[in-house]
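The following paragraphs explain the structure shown below, moving from single contacts between side chains to helices, loops and the chain as a whole. The sequence and the structure should be kept in view while reading.

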Amino acid sequence: MARRDEARRIEELRALLRRADRAYYALAQPIMSDHEYDLLLKELADLEAEHPELDDPNSPTRRVGGAVTGGFKTVRHAAPMLSIDNTYSADEVRAWGERVARALGRDGPPAMVADPKIDGVALSLRYERGALARAVTRGDGRRGDDITPNARAIAAIPLVLGDADGPTPDVLEVRGEAFLPIRAFERINAQREAAGEDLFMNPRNACAGTLKQLDPRVVAERGVAFVAHGKGEVRPASFADRHSVFIGKVRDLGVPVNPGWRLCRSIGEVLDAIAQIDASRARAGVPIDGAVVRVDEFALQDELGATSRAPRWCIAYKFPAERKQTVLERVDFMVGKTGRITPRAVMKPVVLAGTTVRHASLFNFGEIRRKDLRLGDTVVVEKAGEIIPQVIEVVRAKRPRGAKPIRAPLTCPECGGPVEVEPPELEEKGDYESELETARLCVNPECPAQIREKLVWFAGRGQMDIDGLGEKTIDQIRASGSIPLNRFADIFRLKDHREALLALDRMGEKKVDNLLESIEQAKQRGLARVLAAMGIRHVGAATARALARLFPDIDALLKADEAQLRPKTLKKDDAQRYGLDPDPKRRPSTLLGRDTAPAVYAYLHSPQAKATFAALKEAGVDLTSREYTPPGEGPAAGSPFAGKTVVLTGALESFTRPELTELLESLGARVSGSVSKKTDLVIAGAEAGSKLDKARSLGVEVWGEKTLLERLPTGARP
């Protein structure tokens with residue numbers, strides 16, 4: 001075949017395969033068998049291999065690249081991806097319809113569209129000049145993770161939009177839901193069970209975990225699907241004037257849409273549509289947890305507007321959680337990363353909300369005693385929000401004779417170490433059988449169960465941010481037997497085991513090099529990040545930053561007296577002895593109090609903790625503080641926030657809650673989660689609720705976002 005003929009054949013095959021994808025996924029009208037499709041795809045791949053000069057990044061053969069991603073970056077949505085308010089009754093749907101009608105000055109609501117609510121992960125697909133440019137998760141509604149490589153691996157998402165009756169928009173953002181069909185979910189869990197891995201809780205959990213994978217091949221293998229349900233930015237806006245038209249046009253362009261949508265002219269028709277969706281969801285083969293109802297016309301949507309969190313023109317009807325009876329066979333004790341021992345029910349399998357359920361969290365031992373759960377009991381189980389299986393109650397009438405009470409472990413089930421009971425007064429009384437118990441914890445810092453969980457937490461996003469060292473990779477390394485990974489410091493010595501890493505399954509050269517590079521970068525995160533990542537009880541990110549502002553490095557922290565960990569409570573003479581400001585409002589603030597400081601101090605001065613910090617130092621981890629404020633310096637001199645207790649409420653346009661918390665703490669504030677007489681300032685954004693009301697009742701000073709921006713130092717403004 002001449003080169004010109006081969007080039008023509010490549011274009012023919014690409015067009016034919018794209019048409020087949022559109023027919024299969026968007027129109028549900030296959031034009032060829034799977035076998036024929038595979039043969040054509042192989043022919044195209046062979047021709048492209050012979051002619052690399054004819055490469056096209058949007059070819060059907062290029063859905064899944066050969067390399068893993070280096071992590072996900074956060075990007076801003078062109079138009080916010082708001083959540084939807086939930087309703088749970090027909091009366092609430094009617095009330096919403098009345099509100100819409102009143103707001104529009106009508107006797108009744110306008111035309112509406114009702115469609116099944118797929119329980120998956122919200123995605124925004126951005127097409128530019130017809131080609132997929134970006135796929136972004138919802139995130140906080142304003143910014144999300146760019147997962148474009150993974151989205152390209154979803155066969156239902158077209159890489160290039162197909163032909164339609166009109167021109168393709170220059171920019172077309174399609175909002176929709178990525179999800180796992182029920183059969184795919186069951187197949188994945190069967191594979192995980194056979195491999196001895198933990199099962200996914202439900203299809204949404206499995207889909208979210210899949211989309212977080214750094215290897216797009218995993219996404220392709222698991223069979224993630226996608227349907228469109230809304231729009232983001234569209235240029236030109238004349239592309240569609242209403243939702244029903246928009247859905248039809250994107251379907252014609254090859255984007256799958258929900259086949260169960262229905263145009264409704266009254267609330268009565270809406271309720272009929274909801275009932276039909278509920279009746280059909282068990283046989284739909286996809287995870288459906290409700291119905292979404294929206295005003296059809298975009299101009300009316302704009303007129304109705306939105307709150308900071310949700311549109312007023314749209315509402316979600318959530319189906320009630322399905323309940324079933326089953327038998328409690330045994331209770332397992334699971335040990336988490338902080339040593340918390342959580343009881344987990346193991347029951348006779350029961351199909352609930354479309355999935356097989358055998359396990360349910362029992363939360364704590366106080367909950368077991370309050371419900372009087374016993375082995376062999378018949379129990380009522382439901383999926384709260386169609387997500388988490390819960391034991392609701394015991395069917396006492398079916399209790400068998402000799403049903404045994406569930407005894408909480410007096411030692412750690414993993415390491416045999418001592419346990420503590422919360423709240424502390426139970427521990428002080430030696431009461432290990434109280435209904436008031438909220439937690440039971442292993443206090444052995446070298447507990448093997450905690451080590452695995454703490455390694456996962458330590459390396460994760462928001463902690464040390466080590467790309468490529470997720471849960472699966474940590475398990476793979478630990479299972480190899482040839483690479484030590486039992487302490488935090490072992491992570492930073494993985495560079496000494498490069499060849500052994502390369503020998504692991506799916507650990508190619510590029511993946512290993514990216515991992516080692518990320519580990520090297522993590523060495524420079526500083527003291528606060530290390531402390532927050534270690535999973536120390538009572539030390540979260542805010543407390544870690546506060547400690548780092550108080551102490552210049554780990555050596556100074558380890559030399560500190562217990563009283564120095566709670567500087568706000570120090571008397572004037574003691575504060576001066578420690579080199580702190582006599583005025584407690586101007587002293588560096590930590591979140592440690594009289595009850596928590598002793599526990600943190602005891603851990604920091606345990607042989608195990610000292611050995612951990614010494615090993616981290618030896619491995620090259622920088623344990624100096626990036627936030628340290630020398631006495632008499634820092635924000636106290638000129639910051640309007642220095643020494644103040646600040647509470648945040650509502651939604652702000654300029655900051656996320658974590659961003660503003662970190663900024664205010666760097667300016668000397670203590671950010672609290674509740675309003676009290678000790679609160680100095682409340683910063684209120686849109687839709688502020690009870691905290692704002694309480695602040696006003698107490699006479700606490702309140703700032704809006706405009707005042708906040710005016711009072712921030714110039715360099716701290718967004």
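A charge is said to sit over a ring if NZ of Lys or CZ of Arg is within 6 Å of the ring centre and within 35 degrees of the ring normal. By this criterion, the charged end of Arg 440 sits over the ring of Phe 365, at 5.4 Å from its centre. Likewise, Lys 231 lies over the face of Phe 298, 4.6 Å from the ring centre. The model is a predicted one, in which local features need pLDDT of at least 70 and side-chain atom pairs count only at pLDDT 80 or more, whereas totals for chains, interfaces and linings use all residues. Residues are numbered from 1 along each chain as its sequence is written, and side-chain values use heavy atoms, with hydrogens and water left out.

Phe 298 also takes part in contacts between rings. Rings of Phe, Tyr and Trp (its six-membered ring) form a pair if their centres lie within 6.5 Å; planes under 30 degrees apart count as stacked, over 60 as edge-to-face and the rest as tilted. Ring pairs join Phe 298 with Phe 239 and Phe 246 in a cluster. Over the whole structure, the search finds 7 aromatic pairs. In one of them, the ring centres of Phe 458 and Phe 488 are 4.5 Å apart and the planes stand at 15 degrees, so this pair is stacked. Because Phe 458 belongs to helix α13 (residues 448–459) and Phe 488 to helix α15, the pair ties together parts that are 30 residues apart in sequence. Helices (H or I, at least four residues) and strands (E, at least two) are here DSSP runs, numbered from the N terminus. Both Phe 458 and Phe 488 are buried, where buried means under 20% relative accessible area, exposed over 50%, and partly exposed in between (1.4 Å probe, protein chains only).

Which residues of α23 are buried? They are Ala 609, Phe 613, Ala 615 and Leu 616. Viewed down the axis of α23, the buried residues fall within an arc of 160 degrees, so they line one face of the helix; the arc is that of the directions from the helix axis to the C-beta atoms. On the other side of α23, Pro 607 and Glu 618 are exposed. The buried residues pack against α15 (488–491), α18 (527–533), α20 (554–559) and α22 (596–604), contact meaning heavy atoms within 4.5 Å. Just after α23, Gly 620 adopts a positive phi of about 95 degrees.

Helix α19 (residues 541–550) has 8 of its 10 residues buried, so it is largely enclosed by the rest of the structure. Among these buried residues are Arg 545 and Arg 549. The cover over the buried residues of α19 includes α18, α20 and α24 (657–666).

Cysteines come next. A disulfide is defined as a pair of cysteine sulfur atoms within 2.5 Å, and the search of the whole structure finds 0 disulfides. Cys 442 is in no disulfide, and its nearest cysteine sulfur, that of Cys 415, is 3.7 Å away. With a relative accessible area of 2%, Cys 442 is buried.

Several loops contain backbone features. A cis peptide bond, with omega of about 5 degrees, joins Arg 235 and Pro 236; Pro 236 lies in the loop between β8 (225–235) and α8 (243–252). The peptide bond from Glu 422 to Pro 423 is also cis, with omega near 5 degrees, and Pro 423 is placed in the loop between β19 (419–422) and α12 (424–429). Arg 129, although not a glycine, has a positive phi of about 55 degrees. Arg 129 is located between β4 (121–128) and β5 (131–137), in the loop, and counts as exposed at 71% relative accessibility.

For the chain as a whole, the secondary structure comes to 26 helices and 24 strands. Of its 718 residues, 46% count as buried. Among contacts with a separation of 6 or more, 68% are accounted for by residues 24 or more positions apart.
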